[in-house]
Amino acid sequence: MPVTAGHRDAFTVALTAQLPGLRRYATALVGNGAAADDLVQDCIERALRQAAKLEELQRIGGWLRSILHNLYIDDLRRRRRQGVKVDLADVENSFAVVTPARDHASIIDFERALATLTLEHRQILLLIGLEGLNYQEVADELEIPIGTVMSRLARARERLRGEMERSSPRAPETGTSP
Amino acid sequence: MSDRPQITDEELHAYIDGELSRVRAADITALAQYDRELARKIAAFRADKARLVELYGPVGERPVPAAWLHTIERAQRRSTIWPSRQTIYAIAASLALMVVSMATYKIIKPSDEDPTVAQALAARHESLVMTDAAGTVSTMEAANHVVQDILGPTIKTPDLSKLGYTLAAAHAMPERKAVTIDYRDGQNHVFTVYLSHSPGTERFDMLKRGATRICVWQDEELSAVMVGEMSAGEMLRLATLAYAGLTAA
């Protein structure tokens, strides 16, 4: 797509409109509000540099998430190379404590459980559970078959539940109509 | 229990996400009524899914850091200050044309109002006072016909329900080769999209007239002027959804 003045303006408007959702996704992916904000800032800068690569403006949400995801992987690799140990204390001291919650302990359990999942599993849980994408949209965004979306999602949810039950073996909720 | 339908993990999660066929979903609903373990699993997975939204959903409601908006503004300014040679020629040509047009326009109509915006505001006013006029429709299907009759088969009526706005009326203005589409939200706020053929230039502008925000967004083929009494942020969200939703699949 040629980047003309009109397209550039349309692009920046669409980018601005995506920021709240991108921040939500980044916070859930990273589990740390401040780190998520830094990641979104880097994502904005890269998106502005690479605006010409976005072929359809409607797909800007998925495009931004994929930039953010790549930046996060780069950051994890860099930190690993530098020997920075990322442990769960970081998570406990981050988002959960600044979140007003009825049941603080269960929020921390949930965040801790989410943080133990692989990035691939967290990604699929968030795209469907938080961002509300349907299976086909996720398949398109991740460029994987819909069957892979389904099996990956099932494994991710099973692992999350397993972690939750391991960390707080209290009686699970029942009574919700199926 | 060998006569029970086998449920794979994938099917169970597709059921939770509403992605399963109606028939298969009914099987699982029936099964969960007497299989307590299955009902417990479904409830637990649903609770985990709801927890994600409960925990992180509010992050998306917070105002975004000003630094992000500054980064975008700076990038926009840079591209305005250092345009490509091709853009400089285009700007020079546009300026020359603008000088000629403004001179002509001021002779015809001694007002500094942008004609595209003035037409859209007049159409919005007409549309809001003439809700029962001939050519007014209020269903998405009928609105699509009106839009396509006037603007061509590649254009469709945007669906703004994601942002809480539903179609109130679409009004054909054949003499102007334009369509006005009004949407209303739960508090009866009106958001109007005025569609017409583009004069052929790309344009994006966000304007304010009193409490009214106006977003002009046009490409070489279509001009969309969006009007509503709302914040800049809300206008940006609605305008983006509306503009993206104008293209028929």
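Two strands pair if DSSP finds at least two bridges between them. Strands themselves are DSSP runs of E with at least two residues, helices are runs of H or I with at least four, and both are numbered from the N terminus. Before I use that, some housekeeping. This is a predicted model, where local features need pLDDT of at least 70, side-chain atom pairs count only at pLDDT 80 or more, and totals for chains, interfaces and linings use all residues. Residues are numbered from 1 along each chain as its sequence is written, chains are lettered from A and ligands numbered from 1 in the order in which they are written, and side-chain values use heavy atoms, with hydrogens and water left out.

Now to chain B. Strand 3 of chain B covers residues 178-184. Strand 2, residues 166-173, runs antiparallel to strand 3 and is joined to it by seven bridges. Strand 4, residues 190-197, is also antiparallel to strand 3, again with seven bridges.

Take Thr180(B) in strand 3. Which residue stands opposite Thr180(B) in strand 4 of chain B? That is Tyr194(B).

Next, the turns. Four residues lie between strands 2 and 3 of chain B in their hairpin, and Lys177(B) in that turn has a positive phi of about 55°. The hairpin of strands 3 and 4 of chain B has five residues between the strands, with Asn188(B) at a positive phi near 70°.

Is strand 3 of chain B mostly covered or mostly open? Mostly covered: six of its seven residues are buried, meaning under 20% relative accessible area with a 1.4 Å probe, counting protein chains only.

Definitions and conventions
Buried < 20%, exposed > 50% of the residue type's maximum accessible area, 1.4 Å probe, protein only.
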